Amino acid sequence: MIKKYTCIVCPNGCEIEAFIEGTTIFKIDGATCSKGKEYVKQEIANPQRNIATSVYVDGGDLPLASVRLSKAIPKDRIFDVMNEIKKVKLTAPVKIKQIVIENVLNLGSDVIATKIIDRIV
Amino acid sequence: MTVIKKDVVIIGGGPAGLAAALQLRNRGITDIIIIEREKQLGGILRQCIHDGFGLTRFKETLSGPEYSQKFIDQVEELGIECITGTTVIDITSKRKITAVSRKGLLEYEARAVVLTMGCRERTRGAISIPGTRPSGVYNAGVAQAYINLHNTMVGKEVIILGSGDIGMIMARRMTLEGANVKAVFEMQSYPSGLPRNIQQCLNDYDIPLYLSHTITNIKGQSRLEGITVSKVDEKFKPIPGTQKDYTCDTLILSVGLIPENELSLAAGVNLDNRTKGAIVDENYQTSIEGIFACGNVLQVHDLVDFVSLEAESLANSMADYISDGKLPECKINITTDANISHTIPQKVSGKKDFKLSMRVRKPLKDCEIDVIQNKVVIKTVKLKKAIPAEMIQIKIDKTKIRSLGEIEVVVVVR
């Protein structure tokens, strides 16, 4: 069976074809780099995604600090992780790369802040 | 009013302005000021909290705020002067700049000006969607600012018009925040955003994308209640009998960006009808001496990494301009065939290597882009695919340019 994928690793967005039978991959065609092949293998085994959202901040110059995950998580856990992130409230100041939730839902990924929020006095 | 004299005034503290300031400083230009309208530096990246920035520059995938902070940190470390909460309201052809701030009017006189004001979004009015005028109709970037900066959700049942990258990114963002994004409609027969965003923002969340469709009616009195969608023919005319109604409380428009050039026009800068940005030479100098432009105010970019590079290239030329008082004349015009929407720069001197940026008008497969002067192909780039969503950049070596004859950029489909 031939399955088609659009690689999301970089903006090139290679159109990649994988020849698969059951769980065996026979051939991966169309990737311009090795990351594309890895992406397709991961997509077949267990698709992973990163997400970006925001958390509340008390006493900051902005009401929200943007956050993302330190590494991708299984795609089907995205909304579970969103629910965890929604429970968090930070207090300013917030630094970039500050850990907001460590090892969220034991998925091996941290929720980290991506914006500086200064404290307003 | 005292006029403040500066070597360089940079208008806009987004990614282009920040990178230009840093590179000017690297080249020994210290008498610089960045004027920023918002309270903080960073420009549009402040609200682009998704990742995917910096892959070519930093070899890692960053969010917008992280990418811009890397530049802001350096600007602060080097003590480059920045004034925020200050809006430039006029520039003259003699590089006099008037700005308004809480302190009142400010006036600057610069040896050189960098225009980095970015873009605005095309609005409902500009594309003339029929119907009532209820609340709930937002531009994608406006919705993005509400959600990511001001902590205000804009709606629950969402339809998106236009398949631009920001629209697709907002489809995902709103889904994560609990909204029901019903569909994305695109008038063209191909998506206008990047393929990776169709996958990771739409397909991942089962949001359908309908090509060759547009909105032909907006309904609702105080709040949006629904829309009518129709299929369109090749000339984008709605096909009678194809109407379909959708209920929704929110309509997001992602129908294009327009470089923000009111100030450029005030200074007398000539604009290119195709890019809606300035006509520039290989130094990114506009038709007005000493006024330069880069970033999204010059041409809409797909990747911020390219904006930073463009700004640095501008800064290198500007440093030469400031030390020599003049740059080589650029008399060679660059033209394109119908397959290419535009090129930047539009003219060159032939005495300097340069990078041509361009976009194709429609998706093409197995094509080559030929750069021709005096009927001689001076550069060929073969492409497996070319899409309007992606900017194409081609480096041209000065040794290939042998005369002042026009340079033509054409597409050959194999």
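Helices H1 and H2 of chain B lie oblique to each other. This is a predicted model.

**The helix pair in chain B**

H1(B) covers residues 15–26, and H2(B) covers residues 64–77. Their axes come within 10 Å and cross at roughly 40 degrees. Angles under 35 degrees would count as roughly parallel, and 65 to 115 as roughly perpendicular, so this pair is classed as oblique. The crossing of H1(B) past H2(B) is left-handed.

| Helix | Residues in the contact |
|---|---|
| H1(B) | Pro15(B), Leu18(B), Ala19(B), Ala21(B), Leu22(B) |
| H2(B) | Ser68(B), Phe71(B), Ile72(B), Gln74(B), Val75(B) |

What classes of residue make up the contact of H1(B) with H2(B)? Eight are nonpolar and two are polar. No charged residue takes part.

**Where chain B touches chain A**

Contacts between the chains involve 22 residues of chain B and 22 residues of chain A. On the chain B side, H2 and helix H6 (195–202) each give two or more residues. H6(B) gives the most, with five residues. By class, this side of chain B has nine nonpolar, eight polar and five charged residues.

**Domains of chain A**

Chain A is divided into two parts: domain 1 spans 2–45, and domain 2 spans 52–113. Their centres, taken over C-alpha atoms, are separated by 30 Å.

Technical notes
Residues numbered from 1 in each chain as written. Chains lettered and ligands numbered in written order. Predicted model: local features only at pLDDT ≥ 70, side-chain atom pairs only at ≥ 80, totals over all residues. Domains from an automatic or database assignment. Axes fitted to C-alpha atoms, helices over the stretch in contact; angles between N-to-C directions. Helix = DSSP H or I, 4+ residues; strand = E, 2+ residues; numbered from the N terminus. Parallel < 35°, antiparallel > 145°, perpendicular 65-115°, else oblique. Left-handed = near helix turned anticlockwise from the far one by under 90°. Contact = placed C-beta atoms within 7 Å. Nonpolar A, V, L, I, M, F, W, Y, C, P; charged D, E, K, R; others polar.
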